[in-house]
Amino acid sequence: MTVDAAPPASRWRRALKDVRHALFENKVTLFAGVLFLLFVVIGIIGPYVAPYDPLMTDATASLVPPSAAHPFGTDALGRDILSRVLVATGLDLGMAAGAVALAFFVGTMLGSLAGMIGGYVDLAIERLMDTIMAFPLFVLAMGIVAALGNNVTNIVLATAIINLPFYARFARAEVNVRRELAFVEAARTGGNGRWRTLFVHIVPNILPTMMVQASLNLGWAILNAAGLSFIGLGVRPPTPEWGIMVSEGASYIFSGEWWTFVFPGAALVTAVFCFNLIGDGLRDLADPKGRT
Amino acid sequence: MKTLLVIGRRIVSALPSIVGVVIVTFLLARALPGDPAAYYAGSSATPESIADIRSRLGLDKPLVFQFVDYVEKIAEGDLGTSLSSGQPVLNDLATRLPASMELTTAALIFALAIGLPLGLLAAVKQGSLADHLCRIIVTVGAAFPTFFVALVLVFIFYYKLDWAPQPLGRLDEIYFSAPDPVTGFYLVDTLIAGDLEAFRGALSQIVLPAISLGLFALAPIARITRASMLAALSSDFCRTARAMGLSKPRILIGYALRNAMLPIVNVLGMVFSFLLGANVLVEQVFAWPGIGAYAVNAVIASDYAAVQGFVLVMAILYVLLNLAVDLVATAIDPRVRYDG
Amino acid sequence: AGLAPASAQPPKDVLVEVGEHGPNSLDPMTPAASEYSQMVAWQIYDRLVTHGFKTLPDGKMIYDYENIQPELATSWEISDDKKTLIFHLREDATFHDGTPVTAEDVKWSFDRAIAAGGFPAIQMAAGSFTDPDQFSVVDKYTFKITLPEPNKLALPDLAVPVPNIVNKTLALKHATTDDPWALEWTRDHDAGGGPFEVTSWKAGDQIVFDRFDDWKSGDKPALKKVVYRQIASPGTRRALLEKGDVDISIGLPPKDYAELAEGGKVNVVGTLMQNETFHVDMNVTMAPFDNKLVREAVAYALPYDAIMSQALYHRAEPLYGADPEVPYAPKWPVASPYNTDLDKAKALLKEAGLEKGFKTDLYYDMSQATVQEPMALLIQEQLKKIGIEVTLNKVPGSDWFAKMGSKSMPMDINYFYGWLDYPEYFFFWTYDGKNNSVFNTSNYVNPELDDLIAKARFESDKTKYDAIISKMNEIVMTDVPRAPVAHLFSDVAMQKNVKGYRYWFHTHVDYRYISKE
Amino acid sequence: MRPPLLSVEGLTLDFKTRHGRVKALEDVSFSVGKGEILGIVGESGSGKSVLSYAVMGLLDAAADIRSGTMTYGGIDLLGSGVDSLRGREISMIFQSPRTALNPIKKVGHQIEDVLVRHGPVPRREARARAIEALAHVRIPDPERRYHAYPFELSGGMCQRVMIAMALACSPGLLIADEPTTGLDVTTQAIVMDLIRALVDESDMGAIVITHDLSLAGEYCDRVMVMHAGHVVETAPTGRLFSDLRHPYTKRLFAATPKSAESLEDLAAIPGNLPDLRGELFPCRFRDRCPNHKSDCDVGPLPLLDVGAAHSVRCHHPEEAAHAA
Amino acid sequence: MLLEAERISKLYPVRHGRRGSRLHAVDGISLAIGEGESVGLVGESGCGKSTLARLVARLTTPTGGRLAFAGTDIGAIPEHRFARSPERAAIQIVFQDPNESLNPAFTVLAAVMDPIRRLLPATSAARAEELAFEALDDVGLPRALAHRYPHQLSGGQKARVGIARAIVVRPKLLILDEPTSALDVSVQSVILKLLGDLKDRLGMSYLFVSHDLNVVRLICDRIVVMYLGKVVESGPADAVFRNPQHPYTKALIAAIPDPARRGEKIQRLEGTASSPIDPDPNACRFAGRCPVEVPLCTRKMPELLPAGEAHLAACHLIVTPGIAS
Ligand SMILES: Nc1ncnc2c1ncn2[C@@H]1O[C@H](COP(=O)(O)OP(=O)(O)OP(=O)(O)O)[C@@H](O)[C@H]1O
Ligand SMILES: Nc1ncnc2c1ncn2[C@@H]1O[C@H](COP(=O)(O)OP(=O)(O)OP(=O)(O)O)[C@@H](O)[C@H]1O
Ligand SMILES: [Mg+2]
Ligand SMILES: [Mg+2]
């Protein structure tokens, strides 16, 4: 029996190596990664670098086309679109991340419980997820926001709820598969109780695949929030938010003030695009041969 | 016989979620802001008249009793009357559902017509131009909000280029008369009626909304086609088929695709129900008289009978859709047939 | 090689109108019937009388509220005590199904309007029609109304789309014991005898009117068919008009009207609405708006000019900045003496002991968001400058009435217009403290004003009347339960070849007079 | 000796991967004659499957054939010729027969597909021929089994269906890549009996790939031992077992439980297969070989002919066994 | 006796098919394993070997029968409590597929230490690590590999980790469910030798499951042959191998490939095992495939009867001990 000369890599080092590999092997993912960082940075420093107060109206400068003073132009109330796009970044990413994180956490919990315990718990959780799925999801989100009131918390909540079944089902299926695996049985003979087996031995193994799902869902969450804004159930004005800006801008589509919806729309699309690319990249990482 | 059993079992297993939907919708509808009694009482209402209407509508009863009333009504096929259209919700839905179904189907056909071959090509020629194109379409297509696409399409193809007709719903009824409803699908009914002009009219109306909606469905379809084709192509049985010298098209279609169909059909089912939800935004832009636009208005107007009715119908549709998916899956895969 | 059908424009005798909202009933008597049911009723039902027209100096044609003209009634007599009205009906008139129109139908229709309750009954009450016994059939073609007291609103109130003449015979065929007035049936079916009949209606989508060729109560309309379509997106409605695909587009955002008017490709007819104000209400029963100083401060702080330009795009006339020295004219609306003056506002707040400012909520109707949201934002920003922190609340349309009725909004943006063009009519609905009307969103109660309103209603002496009205104006302007902002235009955009548009108090397009060149 | 059916000469094959070239096969030569079963044995990763795929022309795009020739009955298999031979003249069966059959197609139809593709068999007759093919591989009640799906059949049955498919067009050469891995010993015996019998009946040639020396020993006429992409020893079966010459073959034999009387007799092969990427010594068994001498590392390895069609690729083969 | 199973069974309810149907995975098997004894369990795929192994390992609860370990009725301990019971440490199991039996998220050391921390909670962290390293030494795995993840190990190394994890708590009974069948011959021989060595050194008892009689023969003192949930033959390894009594055992041995038998025509076992779902309780499970079947076989289930010294077989045709028909 020979021992490989390679030094044993620590888990983190390995993960880092994988990420580095994924980023540099695939230029597209690298690009997406850079973009993602950019978005995060803007999300954090946006309010500080915005050239204008995003809420400040200016009666003398409404609907000014892009110019040196207003690179993205101004909206109907004379507010600087660039500043609004910049400041909106944090909120949009935050809402999406919040919704996905919530769905991820609760969904994974419910799903793994269902998968592990089985029986009536499984049945109940499955039925709950079925019920959510049986709703037209966007309409369910609409209903929740309309019923609870349109504020950030409720939009996050609604988006999380409609995301929930995906995580729960995914986790359940993954746990179901793994529950039968030898290493889980080995953990049991090693004296691990049911919960420890679940949370120490099974869940960490399904997390990577779930993360892929999550990064793909981030984009969907943003789109969802934008859709809500489009039908008037977004966050309250005057809070800058991409979806609202696009839908407000959309009313100028026929009068030619294209900048009102093109720039926020571009930010929105780019962000979603970036998340999708990253999701794809992560998927490659998790499963190098089965890229889809 | 087996099929009947599958249908039966599926319907029975769907009942709990339908019940769940009914309960959740009922509660959600009550939670919507707005007071139907005040709405009915109108602009000249007095507290007394509102209270009177409230008791007439049964809204003063405890929630549980209201729920029982509601369920009884549903059992009689009465979904209540919409506040905003003034019509029985069932009528509204019945007239509007075909429009949504037609649009969704058209969108799905569009998405399939592009997504399926693209996914196939990407899987067969992994790493080729088609593969990259597929990846780009999958990520870009999924990045655009549908309403944004819809608006841009209208702007370009109607407003700027004048290639598309006015976004005025299903058929320009100023020039064409709506066909006699047989299937409720204008594209089909006009053909049945032999009215080619009207068919052309209906077709030209549906193109843009179907594309906006279909773009949304393109990504998941292309994605799953590619993935399941890759899996099928690298499977043992495809290797066998190659070893037996079967022709390329036969392996691709008869072996790989047929096996890949199962996940594709499953995704199609999901995409379809997703599209029915996404309709909501597209119908809004194209004045499509479907149930999506109806639902938006209902939610915003707190038109709770309409909301409840809509969701219930959608839930039933969802169940039927899953049933259809199951049946197709059964037709495709004998294993499903035996395992149930 | 486009996808568009060959012929783009509607034919000459077909009119296509697009708007956001549409009817939820063909009969305004239906409970919860929307405003558009009145639009439909206007076209498909006759009333006993109607109005003549006058041309404004700028050439716009509007209805003349002083000029009552025959419609179904060819003539009428008013007793000297002004308490009895006798109408002689047209003998050749028939309903759409061919049934002749008789006094029986009229009586049944009026009884029905009162029995329907709700809005129709209240509207009838404005003309002092409150009891079926007031209506009697003299003979087949003669109909008599008796009034408990003389009411100058009585005759005009017969010209509004409420006392519509309904086909009794037809409707009764569909009446049930639960529904003796066949309200269920007329909701979905045409039971009228007006110039147009409804040939197809898809609720929420479109309604099609065909000309009723046997219509006798007026000149035969030029249009053979009218299609009214509901299009949710205002952008689409504008585009449709600009492309020439529709003839009339209504309910566009002011910005679009301003631009279309500017562009000159289509005609934009903006008529000042009658008896209307667009305003910000302050709830006088809720702190701190119970303090007149605070209300004044807000009235001095509102960014009027910005609202005019950035929310209304000047599709309105300002209702602010009047000379405080000049007494109020005996008319409505009149401009308020307030003007944007932040220093004054701050001083007033200080005087009220609120120089640190306060927090409050501003409500507006979601269905009016196009105009009201930018306006709300401007107000929010402006009030911040004097320390008032405003939270914006967009209320879904259906909840708006309930919200108004609950009188729980500290501040709201609202507008009101009266069908009958009398200032006291407006005041009755929106300032009267006794009748608890939902439109009195400020929850304003002033017994002195209430008395004046009641007095004006029955005052026939012009001078006295004018004095009362001026006084009323003065009271509401000094008390400022609401700060008037603008007097809105009723805007309609149409193709250049569309002729004959006339403004009506109900603001809907009257297809009788429309023609296309 | 009859002219060989398949002859492979000096086949050298690499896989191009992200991490360098994998030298999967080097200078592989062998032949198979009619009516003969050639067994190929070796540890996992020794290149057995790659070799069979190379013959079938089923290698994936990463494969790079550096040199060598392959002919089947005079036809060059490296050209496009193999495409028309595959399934008709050369057929292949695989391990795990259940997954190797199309799970959603009736087995009868799968056989028909092959028949219709290659034979001049019209669709009408295909059915009868398919049933015939099933009967040929001793499937009881073939009419009924014709309609069965793979999941309705046992592993052994599936393998017989695979064989039926492979033999449907009466090919000249059958390649079986670990045909019995995953099957029970009892089933394995039946399947192997069947292959043996079919070869004997029809004069077809066959290659049976396995990592079980005993199995090769019982059923094959000749055995070729592979190690890390090299053919290390080839001999007629009888001779091989009585006279193991390559140190690897010897160790492989010693590691097989069958040959051990007790645990003490069982001997392990030290070390692992070398990493086929990067530089390799001429002898790839070098690091595991107890007889390794310095001259093993220089020059190409000779293919020693040790008589009676027995060849060994080694500088220092084990001593010939006495008293054979 | 260390372990005693009496008429132990595991019946699985069948989801599809007739209501109340049961799949008889293990059907009333009695089995005893003495201290230091190693028992081999053979039989064809699906006959219930793994199920029996999992029953004995208390990974699944028997549906019938009694299961005693060193005198304790462990069959009666509820599943969730068994994880904490002292018997848990005494019974350990090694699985077939080395890839599946290691948690991909655990390093070698973590995997081996986990049972110590769980089962011997009194152990200090330092001591636990020491024990783990000792176990690695036991299985001949270089300590340098302790911080590797499973995917960085070869199949043989993974198999060793699996064994180390099982023996680290010094079990009295080690269950091995086909521990080598996924391995190459060369690695298999290494592992087999290691297992033989460990057994002697640590004095463990083995229940060694395999479908390869050849392998079992080398390791085990006694062999138990299963067929469709039933034991059909058991006895000393040598006796069973050299002198099989039951026709199934005979067929099994005859099926082992042997170069020496080249060209011989051998009677093979045709057909596949009948369904384990609701088998006829009054028929021999082997009936239908048995080359020497008599009418009695389908009417009466044969009992396990002595067929030699400590040698039992369940076949009607074995009349006198030691004499096969
Ligand atoms: N597509 C490929 N790309 C790169 N390397 C490959 C590829 N296919 C096979 N190999 C390498 O070629 C060598 C031989 O593999 P092969 O599959 O022929 O082994 P084998 O003898 O069949 O083993 P087993 O008994 O496990 O089937 C291995 O080292 C393998 O890693
Ligand atoms: N959890 C389960 N539920 C239902 N049936 C099961 C379950 N586990 C095993 N079985 C069934 O019990 C029977 C015995 O299975 P088991 O895994 O014990 O066989 P085995 O002898 O180990 O086979 P192999 O050699 O293939 O590992 C099989 O028919 C199997 O399908
Ligand atoms: Mg192989
Ligand atoms: Mg097993």
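1. Ligand 2 is surrounded by 13 residues, and the closest of them are E:Ser45, E:Gly46, E:Lys49, E:Ser50 and E:Thr51, where a residue counts as near a molecule if one of its heavy atoms lies within 4 Å of it. This is a predicted model, in which local features need pLDDT of at least 70 and side-chain atom pairs count only at pLDDT 80 or more, whereas totals for chains, interfaces and linings use all residues. Residues are numbered from 1 along each chain as its sequence is written, chains are lettered from A and ligands numbered from 1 in the order in which they are written, and side-chain values use heavy atoms, with hydrogens and water left out.

2. The polar contacts of ligand 2 (pairs of N or O atoms within 3.5 Å) include one between an oxygen atom of the ligand and a backbone N or O atom of E:Gly48, at 3.0 Å, and one with a polar backbone atom of E:Cys47, at 3.2 Å. A side-chain N or O atom of E:Glu178 lies 3.3 Å from an oxygen atom of ligand 2. Taken alone, ligand 2 exposes 630 Å², of which the protein buries 63%; such accessible areas come from the Shrake-Rupley method with a 1.4 Å probe, and for residues only the protein chains shown count as cover.

3. In chain E, strand E2 (22-33) and helix H1 (49-56) each supply at least two residues of the shell around ligand 2, and the largest share, 3 residues, comes from H1(E). Helices (H or I, at least four residues) and strands (E, at least two) are DSSP runs, numbered from the N terminus.

4. Ligand 1 has 14 residues around it, with D:Ser44, D:Gly45, D:Lys48, D:Ser49 and D:Val50 coming nearest. A polar side-chain atom of D:Glu178 lies 3.0 Å from an oxygen atom of ligand 1, a nitrogen atom of ligand 1 is 3.0 Å from an N or O atom in the side chain of D:Asp60, and a polar backbone atom of D:Gly47 is 3.1 Å from an oxygen atom of ligand 1. Ligand 1 exposes 630 Å² when taken alone, and the protein buries 67% of that.

5. For ligand 1, strand E1 (6-17) and helix H1 (48-56) of chain D each contribute at least two residues to the shell, with H1(D) giving the largest share, 3 residues.

6. Chain A has 10 helices and 0 strands, and buried residues (under 20% relative accessible area, 1.4 Å probe, protein chains only) make up 60% of its 292 residues. Among contacts in chain A (heavy atoms within 4.5 Å) between residues at least 6 apart in sequence, 72% join residues at least 24 apart. The accessible surface of chain A comes to about 11000 Å², and 69% of it belongs to carbon and sulfur atoms.

7. An unreviewed UniProt entry lists "transmembrane region" at residues 28-50, 93-120, 132-149, 218-238 and 258-279 of chain A, although such annotations may be inferred rather than shown by experiment. In the model, residues 28-50 of chain A are 96% helix and 0% strand, with end C-alpha atoms 29 Å apart, while residues 132-149 of chain A are 83% helix and 0% strand, with end C-alpha atoms 20 Å apart.

8. Among the 8 pairs of chains that touch, chains A and B have the most contacts. No contact joins chain C and chain D, whose closest C-alpha atoms lie 44 Å apart, and none joins chain C and chain E, where the corresponding separation is 50 Å.

Conventions
Polar contact = N/O pair within 3.5 Å; in protein donor to acceptor, adjacent residues only side chain to side chain. Buried < 20%, exposed > 50% of the residue type's maximum accessible area, 1.4 Å probe, protein only.
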